[in-house]
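Thanks for coming, everyone. Let me put the structure up, and then I'll walk you through it.

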Amino acid sequence: MRKLVTVAALSVAITAFGVSASLAGDYPERPIGVAVSYGAGGATDFQARIVTMVAGNADMLGQPIYILNKPGAGGRKGWNWFATEAEADGYTMSAYNVPHFIAQGIKGGVKYNADSFEPIANWGADPAVVIVGKDSQFNSMADLVDFAKANPGKTTTSGAGLFVGHHIAALQIEKACACKIAYIPTKGGGAAAMKAVIAGEVMAGINNLSDAFRAREAGNIKIIGIADLERNTEFLPDVPTLKEAGFDVDNSSVNFRGLMVPKGTPQAIIDKLAAQVPLMFNHKRVIKRMKAGGSPLKVMDRASVLAMWAERKSALSELLKGL
Amino acid sequence: MGDANPSGEQAGMEFLHYFGGVFEPVALLLLLGGTIGGLILGATPGLSPTMAVALLIPFTFHLSATQGLILLGAAYTSTVAGGAVSAILLNIPGAPANIATALDGNEMARKGQGARALQLSFLASGVGGVIGVLLLIFLTPVLAQWALKFGPSHLFWIAILGVTVIGSLDSKSFVKGLLSGCIGLWLSMIGYDEILGTERFIFTDALTGGIHIIPALIGLFAIPQVMEMFSKGRSTANVNAISVPKYSLSQSIKELLDSIRSLSIGTVVGSVIGLIPGVGGQISGLVAYDQARKFSPMREKFGTGHAEGIIAAESANNAMVGPSLIPLLTLSIPGSPTAAVLLGGLLIHGIFPGSDIFDKHPQVVWTFINSMLIGQILMVIFGIYTAAWAARIAKAPAPIMAAGVLVLAVFGSYSVQQSMGDVHIMLVLGIGMFLLEKFGFSAAPLVLGLILGPLAGDYFTNGSMIAAAQNGPWVYFFTGGLNILLISLVSLSIGYSFWNNMLQKRDPVPEKAGQEPGQ
């Protein structure tokens, strides 16, 4: 009950400390907002709320973090807003989803690209996996690709949308097997794409590791490949990587989630956040909650995220060139 | 915790063993808090059930799994019913589920019978809700597989079935109803198409994500009413108007029992639609309202503050709550946006939905379901207790009412996505609707078009993509038992509308006469 009171007090504090200006030295003097480009209750929103829950502790940022949902158009609406309207004063951060926003920046039609933002730290990594229904004729990637080669364009494969990790994985598989599959982007995110596989509406699907793991535990699907550099020893030790199965697919489709600020934010604030935020992500309560929800945690510091962004940008530019 | 209870009992009655968990002091307190809080959140414009449940999830971090789910279950149940309060008193539907409630509910409240409207609405919600949860308790294994049968082609036809209702939803004119629906369908095209990757009618950043349904609802329903009040000029309302005649509960119950036909239609339509993943509760209220009118001998009274309209709409939107959790609990497939949020609430406590959830976590799951059952009853009690008091709002003097509604409209539109763009969209749609109403158009068919446009469009696109990789669209959309059944329903619905329209033209006199007493 006392904790409930604390949370209530914090939310009052959020409204009370509305007006203020600050120098980097005292930063942060008031609560910090994190814009999430997806709806309340989605995986990104859900994880963002967990990883920021200890921000108000005195040994963390000393100020609470609140979530601003700006959903729409597959994340474009929120990141457009963040790139053009958010103030670069450290009091507005945003959650990023890689490869989504980098791929959207390359495809164009949006007001941002990988250079519009400054990463702070990464909290999670959810690899894409290839799934089929529990009664499917396919038992391995080889089965699936053999069918796709014999029937070009007939292997219906669901995923969460266009230019998200699932789509990138599908494009990479097509390139690696030199075959044609029918990628079906479903609206309603990974859950709708998963339902299409379970109900047999499509022959295969590409989905998140965490969701696929649960669906397999429930006996609804088979998982035949993982689009990452290594097997996932914690959840899916028996599932081979696509590389092991003989397809040249790297980890470009892994869905990385983390925090970033707009370009132009004072360096002192970026440095302070870059030092504190990874500690917050590694807090034992955060780890416990993330684990309970089956959300894979992967904490990376600012330098590693900068390198990861640059690498993704060049890999995705190459992959999306012909589209 | 789960293994403390006797197992091996007859499967259907298992839930009875877990009622004790609901009545533990902390659990009961959470249940009460969730219900009352849910009613308040639901009655606040802009806070949809989805939003309310999402906001409550962080609180459950600090509770045990069972306690957390009791809170979420109670809140889900009562926010859906709470949405009726603002729909009836302020003509602002709290969520798409409550649109149909506003049609008759607000008319009734404006006649000074707000207490009656609220009591009927809560009683109907309670009956529908309890039956919905009973379906969840007894028929989950049977219905779970059935829910999976609906693929893109079937969902497309269901959306088209909804479209056929558009014309008849406006009781004044069939043609104007259809035209309003077309405007709604067109508005729904705005935004970035996530399946095809194309932009449509985006001229400003605020429209990138399309028109969000909540600001649209607020604008289309509340703003014309506010402008109407302002346009009447300076008012000399006397404050005595605030006293609202009490309406006795036994009268309401009698009225509910007299309308057993509408109550059954609402409950059945709500349960069936709630079960189908991807359609959710958005259209259940409107479809039930339309069906109840078609089968009613007093159909011309709908839209004038008729009890049957409120009963059908509210029983439908609460009947949907229980069945919408069936695909979630057994298949881990969230059937509605709110169910998706609840999935997050389950996962955070390490409960992974699946066909074995009732064996693995009986304590948590049954207590959750039982709390929704008790929550429905608490919701009815609290709703009715406050009805007479709350109903005074609808009779507030026009200037106070207009200003209050305007404030709530701006607050509600902004709070959905913390976006000033949504407030502008709300105001533009509201002013547009005010002008359209002058020409005899109405908001309900327009809103239905706005809701159904993306459903029909997206399922058609998805279906054609799958069809293109299989045997082509004709085979995919027109063969198979379920497709043919749905197409027959669509044809029946269109045929009925034409037949009814012809009857009205041939024999207009009794219709006119029937309308008078209600006006």
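I'll take chain B as a whole, then a sheet and a helix in chain A.

Some ground rules. This is a predicted model: local features need pLDDT of at least 70, side-chain atom pairs count only at pLDDT 80 or more, and totals for chains, interfaces and linings use all residues. Residues are numbered from 1 along each chain as its sequence is written, while chains are lettered from A and ligands numbered from 1 in the order in which they are written.

Chain B, then. It has 23 helices and two strands; helices are DSSP runs of H or I with at least four residues, strands are runs of E with at least two, and both are numbered from the N terminus. Its C-alpha atoms fill a box of roughly 65 × 65 × 50 Å along the principal axes.

Now the sheet in chain A. Five strands form an open sheet, ordered β7-β6-β8-β5-β9, with mixed pairing. Strands pair if DSSP finds at least two bridges between them. At the edges sit β7 (182-185) and β9 (221-226) of chain A, each pairing on one side only. Five bridges join β5 (residues 128-133) of chain A to β9(A), and the two run antiparallel. One to look for: A:Gly133 has A:Ile221 in β9(A) as its bridge partner.

Last, helix α9 of chain A. Which of its residues are buried? They are A:Ile269, A:Leu273, A:Val277, A:Met280 and A:Phe281. Buried means 20 or more other C-beta atoms within 10 Å of the residue's own, with C-beta atoms placed from the backbone.

Notes:
Buried ≥ 20, exposed ≤ 12 C-beta atoms within 10 Å, placed from the backbone.
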